[in-house]
Amino acid sequence: MIRLPEIGGGVREYTPRTEPLALSGGGPLTSRAVFSAAHVVADPYADTTPDSAAAVDWDATLAFRRHLWSQGLGVAEAMDTAQRGMGLDWAGAAELIRRSAAEAKAVGGQIACGVGTDQLTGPAELVAVRKAYEEQLALVEETGSQAILMASRALAAAAAGPDDYLDLYGHLLRQAGEPVILHWLGPMFDPALDGYWGSADLDTATETFLEVIAAHPDKVDGIKVSLLDARREVELRRRLPEGVRCYTGDDFHYPELIAGDEQGFSHALLGIFDPLAPLAAQAVRALDTGDVNAFRATLDPTVALSRHLFRAPTRFYKTGVVLLAWLAGHQDHFTMVGGLQSARSLPHLARAYELADGLGLFPDPSLAEERMRSLLTVQGGLR
């Protein structure tokens, strides 16, 4: 029995599981391309402040990526989940990309890496935004990784309208050596991206986004959509040119979007698949056999946890992701770069523990309980 603080106030008793969920392994996933956007593990002994450059525990960070690859998932590297722009600067992201790409080659893991403009630390003209994108694209391609063209805060601030997006993305796609993934990250994840593609009206923005893709279908492997709007994603994927994939980034509706309908389905590139990797892999393997019911039966119960972790302000979901990695034994501490472990309340973290434990996510439930008790004692005085 463990006493957990409740979000609405008060404390209640919870009885943790004694056994983890029994999961079966398997080979590569075949029916869907599935990427997990992976978190970074901080170095807890580095003498840093929230304003300092990120201090990363590289051994633990790469070990977690090997865990994801062992489940059959691809790794989406240096994305929002890795605290890109929220603790991890471009120098740190570049090192992360180099190290993870080398590890992927060593173990045969699939990897795609984020390309952005976060070396720009203040207002910038469009030419500087373009050069920043080019620098990052060149580095990712040098490592042999697939590129994910991320949404840019600097571009959102500098662009005067849709034509600036069409020109800049057209230039980058012509320059890319291999097909890339375009990422549309909504303002719920990053308020600085409001009005991306030149309009705050999502219907208008969608037309610009589709125009970019239609002009360069041979250079677009797929799109990652993170708008938390299942209807809009389905409508968008039905309008994609043949051969261009839709990778869902919707951490609220992923089971239905991945399962799809009679007109198609979404692949996946999700932050929630960081803590859910074993369950996600088992679910997609059921889908590989055509068993949609088993897929939904495995993945649907995880949505409550995902919605909790990604509740507003959504950009702080990383705190819950790292908490679960610590409780699951993937790292030895609950410290984050930039001190982001303080971004969620103790009741929020307690609920995340309860939901994850109920799913059987922890390989060693007793270790998870012990670690949760220590957190509750230190931060809340609960015993």
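**Salt bridges, a buried aspartate and a pocket**

(A salt bridge here is a side-chain nitrogen of Lys or Arg within 4 Å of a carboxyl oxygen of Asp or Glu.) Arginine 239 sits in the loop between helix H7 (230–237) and strand E9 (245–248), while glutamate 207 belongs to helix H6 (residues 202–215), so the pair ties together parts that are 32 residues apart in sequence. Helices (H or I, at least four residues) and strands (E, at least two) are DSSP runs, numbered from the N terminus.

A word on what you're looking at: this is a predicted model, where local features need pLDDT of at least 70 and side-chain atom pairs count only at pLDDT 80 or more, though totals for chains, interfaces and linings use all residues. Residues are numbered from 1 along each chain as its sequence is written, and side-chain values use heavy atoms, with hydrogens and water left out.

Back to that first pair. Arginine 239 is partly exposed, at 46% relative accessible area, and glutamate 207 is partly exposed too, at 40%. (Buried means under 20% relative accessible area, exposed over 50%, and partly exposed in between, using a 1.4 Å probe and protein chains only.)

A search of the whole structure turns up 20 salt bridges. One of them joins arginine 371 to aspartate 332, with the closest N and O atoms 3.9 Å apart. This pair links distant parts of the chain, 39 residues apart: arginine 371 is in helix H14 (residues 365–380), and aspartate 332 is in the loop between helix H12 (317–327) and helix H13 (346–359). Arginine 371 counts as buried at 15%, whereas aspartate 332 counts as exposed at 67%. Elsewhere, salt bridges that share partners join Glu6, Arg12, Arg351 and Glu354 into one network.

Now for a charge without such a partner. Aspartate 221, in strand E8 (residues 220–226), is buried yet has no salt bridge; the nearest side chain of opposite charge, arginine 245, is 4.3 Å away. (Lys and Arg count as positive, Asp and Glu as negative; His and the chain ends are not counted.)

Finally, the largest pocket. Its lining has 25 residues, with Gly85, Thr117, Asp118, Arg153 and Asp190 nearest its centre. (On a 1 Å grid over the protein atoms alone, a pocket is an open set of points where a 1.4 Å probe fits, with protein on both sides within 12 Å along at least five of seven lines; lining residues have an atom within 4 Å of a point.) Helix H4 gives the largest share of this lining, 3 residues.
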